[in-house]
Amino acid sequence: MSRRSSKNSRRFGESGGIGALFGFNSLSRSSPYFPIALILLGAVFLFVYLYSSSAQFGGNRQALNRVSRVHWRFLSANNPVFTMVTVIAVCDFPCTVEVREAIPILKKAYGDSMHKVLHIGPNTCYVVSRLLKEEETEAWGVEPYDIEDADGNCKALVRRGIVRVADIKFPLPYRPKSFSLVIVSDAVDYLSPKYLNKTIPDLARVSAHGLVIFTGLPGQHRAKVAEVTKFGRAAKLRSSSWWVRFFLQTSLEENEAAIKKFQQAATKSSYHPNCQIFHLKSFS
């Protein structure tokens, strides 16, 4: 299950192309404000894109939470040529964004069980970085795909051993009950039933006090050709009734106490999840 991004570069400022069309060539040589103007222009386009996509992701809140990290490199102050090095769109994984928003609600529902958390899913560094800011909380992560396009912060977490890359189709290299709580998002949607039967019980195995699964809503996501190339298959967004039957078949029991506390905390905080959230008990 590898995630590899293709990088297509295009040179501007040569004869023809967008630079010639808008007359940017002479401006780039004469004005130090040229790169700033282009960055602002890019920000405007990004905002328009996110806003226009709000209906697909359940409203403006979801659209504006679709975070992109764009890194610019200036080669010279006198010759302000810049390169877009990386664009990592967390918006590709809406339930990962949802996990970050739900952390305060999860803490109210699980209390002391949030002291050692394992998050599993694409862009796990995004969630782990947020969890590490919580008091008295250890956070660890498993990235199911390659991280060649990860930013410096994520690669630092990998070097420190906080985040590791592992194929979740196979048993995780952790002892039973290694973590108080295991959270998974945007990962099981890409697994076929053959692997789900092995993976989800294994996630429950390494948790001591519960397993929380964030999964997409049917009809929420449209598969892209590039996505199939990255993950080997398109996301299969299953209904809540399908998941309930699956949990029964694999002897996984829903955590009614945690569900009740989570719903109460969500109501008080006016939190309305845009993903399906399942609370399961760990194996005894």
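1. Start with the largest nonpolar core of this predicted model. This core has 34 residues, and Leu106, Tyr110, Ile183, Val212 and Phe214 touch the most other members. Two or more residues each come from α5 (94-110), α6 (124-131), α7 (152-159), β6 (181-185), β7 (211-215) and α11 (256-268). Helix α5 gives the largest share, with 9 residues. As a rule, nonpolar side chains in soluble globular proteins tend to be buried together.

2. Which residues does Phe214 touch, leaving aside those up to four places away in sequence? Among them are Cys95, Val99, Ala102 and Leu106, along with Ile183, Val184, Gln276 and Ile277. There is also a second, separate core of 26 residues, including Ile120, Val142, Val182 and Leu280.

3. Now have a look at strand β7, where 5 of its 5 residues are buried. In a regular strand, side chains alternate between the two faces of the sheet. In β7, Leu211, Ile213 and Thr215 lie on one side and Val212 and Phe214 on the other, and both faces are covered.

4. Who are the partners of β7? Strand β6 runs parallel to β7, joined by 4 bridges, and Ile183 stands opposite Val212. Between β6 and β7 the chain passes through helix α8 (residues 193-205), making a right-handed β-α-β crossover. Strand β8 (residues 276-280) pairs with β7 in the antiparallel sense, over 5 bridges; here Leu280 is the bridge partner of Leu211.

5. Because Cys125 lies in helix α6 and Cys154 in helix α7, the pair ties together parts that are 29 residues apart in sequence. Cys125 and Cys154 are buried.

6. A friendly word of caution about confidence. The chain averages a pLDDT of 75, and 63% of the residues score at least 70. The pLDDT stays under 50 over residues 2-30, and it is below 50 over residues 49-89. Where pLDDT is low, the predicted coordinates should not be read in detail.

Key: Residues numbered from 1 in each chain as written. Predicted model: local features only at pLDDT ≥ 70, side-chain atom pairs only at ≥ 80, totals over all residues. Heavy atoms only, no water. Core = buried A, V, L, I, M, F, W, Y, C linked by side-chain atoms within 4.5 Å. Buried < 20%, exposed > 50% of the residue type's maximum accessible area, 1.4 Å probe, protein only. Contact = heavy atoms within 4.5 Å. Pairing = 2+ DSSP bridges. Right-handed = clockwise from strand over helix to strand, strands pointing away. pLDDT = per-residue confidence, 0-100.
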